[in-house]
Amino acid sequence: MGGISIWQLLIIALIIVLLFGTKKLRTLGGDLGSAVKGFKKAIGDDDSAPAAKKETPDADFEQKKIADEQQTADQTTTSQKDKEQV
């Protein structure tokens, strides 16, 4: 008694087809299918991504200390002052 029968579902489907048209519904279905496929691919890529990250390091850069950066900045400013004086 409280459920939806097959006839009620057919009437609802007929009303939707009349409102939107078959071409619009076909396009909407294709867009929805490609979105679901892209979502599944993204979920699958996330599962394999942590394994790839563990194998290779992020970058090949050496860590610099803040004192080293300050020394290079001081050397740059002194060389600029020397050039201005010449």
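## Confidence

Confidence in this predicted chain is lowest in helix α3 (residues 66-85), at a mean of 71, and highest in α1, at 93. The score is pLDDT, the predictor's confidence in each residue, from 0 to 100. The chain averages a pLDDT of 79, and 66% of the residues score at least 70.

This is a predicted model, where local features need pLDDT of at least 70, side-chain atom pairs count only at pLDDT 80 or more, and totals for chains, interfaces and linings use all residues. Residues are numbered from 1 along each chain as its sequence is written, and side-chain values use heavy atoms, without hydrogens and water.

## Fold and surface

The chain has three helices and zero strands. Its pattern along the sequence is α-α-α. Helices (H or I, at least four residues) and strands (E, at least two) are DSSP runs, numbered from the N terminus.

Of the 86 residues, 0% count as buried. Buried means under 20% relative accessible area, exposed over 50%, and partly exposed in between (1.4 Å probe, protein chains only). The accessible surface comes to about 8,600 Å², and 61% of that belongs to carbon and sulfur atoms. Areas come from the Shrake-Rupley method with a 1.4 Å probe; for residues, only the protein chains shown count as cover.

## Helix α1

The 15 residues of α1 should span 21 Å at 1.5 Å a residue, and the end C-alpha atoms are 21 Å apart, which agrees. The expected span is 1.5 Å times one less than the number of residues. Just after α1, G21 takes a positive phi of about 90°.

L10 sits in α1 (residues 6-20). L10 counts as partly exposed because its relative accessibility is 47%.
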